[in-house]
Amino acid sequence: MEGHSCFKLEKDGYTIITDPYADGSVPGYAPICEKADMVLCSHEHADHNFRDGVELIERQGLPFHVEVIETYHDEVCGKKRGPNKIFIIDDGENRVAHFGDLGCELTPEQMEKLQNLDVAMLPVGGYFTIDARQAADIVLSLKPGIVIPMHYRSVKYSFGYDVIGTVDEFTEAMESRALAGRHPALRTGYSMQNRLTAMARPASMIRSANHGHIMDNVKTLSGSELEIGSTNASGPQVTVLQPRNIAI
């Protein structure tokens, strides 16, 4: 059920779904029909706020703490596209930030709140959001353990809006900064064949097993059709998930 900016995070059987999209709102993606304990929507656009596609489970004991950072969907304080929320999801062991449709520069105070991330889910496609270059700059500033690019299009798999960029533009931006010496640790942080890497350590909230889920106790994040390698590089790791919810 992963695609666009929609992800499933699981811990101890509890589930959060981020930014569910309405049927037909994003080219190439199948409809959403899921259950979750919590739904987080970064803003009120149809490709991010389809709460009706997720059946809420009413129970106690949710193991996540969620912090919200208020930002904008554009570079003019929301005048074009309105507000945007960044969610920091913490299970006590890992901190995952979902940046929604971030379209503006972050303030020093916001950057401070985003320090020490295990995972950063960043839009990289541009036009509606920050672009590949801006996303790469955020990564190099925050140095999260893992970066999962989102909100991009794929020519090969025919998904995403035509006006936004591909994920390759982001990985190339990261690679060019590494080659330029701006972040030496990134030089060993890429698989040159697929430009994909995965973390080299287990994490209790982060998992993937053939579906792109983010769950418990598996070392790698992998897409259903992409082979991911591990690396011991100390810099940010870029992991491209093959969306599971592609319409075929």
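How many bridges join strand β2 (residues 14-18) to β4? Three, and the two strands run parallel. The model is predicted, so local features need pLDDT of at least 70, side-chain atom pairs count only at pLDDT 80 or more, and totals for chains, interfaces and linings use all residues. Residues are numbered from 1 along each chain as its sequence is written, and side-chain values use heavy atoms, with hydrogens and water left out.

**View 1. An open sheet of three strands, in the order β1-β2-β4.** Pairing here is mixed; strands are DSSP E runs of at least two residues, numbered from the N terminus, and two of them pair if DSSP finds at least two bridges between them. β1 (7-11) and β4 (38-40) sit at the edges with a single partner strand each, so one side of each has no neighbour in the sheet. From one strand to the next, the twist averages 20 degrees (axes are lines fitted to C-alpha atoms, with angles from 0 to 180 degrees between N-to-C directions). Zoom in on Thr-18 and you'll find its bridge partner in β4, Leu-40.

**View 2. Helix α2 (residues 132-142) is mostly covered.** Helices are DSSP runs of H or I, at least four residues long. Eight of the 11 residues in α2 are buried, among them Ala-135, Ile-138 and Leu-142; buried means under 20% relative accessible area, exposed over 50%, and partly exposed in between, with a 1.4 Å probe and protein chains only. Just past the helix, Lys-143 takes a positive phi of about 55 degrees.

**View 3. Asp-137 and Arg-133 form a salt bridge (3.5 Å, N to O).** A salt bridge puts a side-chain nitrogen of Lys or Arg within 4 Å of a carboxyl oxygen of Asp or Glu. The two residues are four apart in α2, which means about one helical turn between them. Asp-137 is partly exposed at 24% relative accessibility, and Arg-133 is partly exposed too, at 46%.

**View 4. Lys-11 meets Glu-93 in a salt bridge (2.8 Å, N to O).** Lys-11 belongs to strand β1 and Glu-93 to the loop between β7 (83-90) and β8 (95-98), so the pair ties together parts 82 residues apart in sequence. Lys-11 is buried at 8% relative accessible area, whereas Glu-93 is exposed at 53%.

**View 5. Arg-95 and Asp-90 make another salt bridge (4.0 Å, N to O).** Arg-95 counts as buried at 18% relative accessibility, while Asp-90 is partly exposed at 24%.
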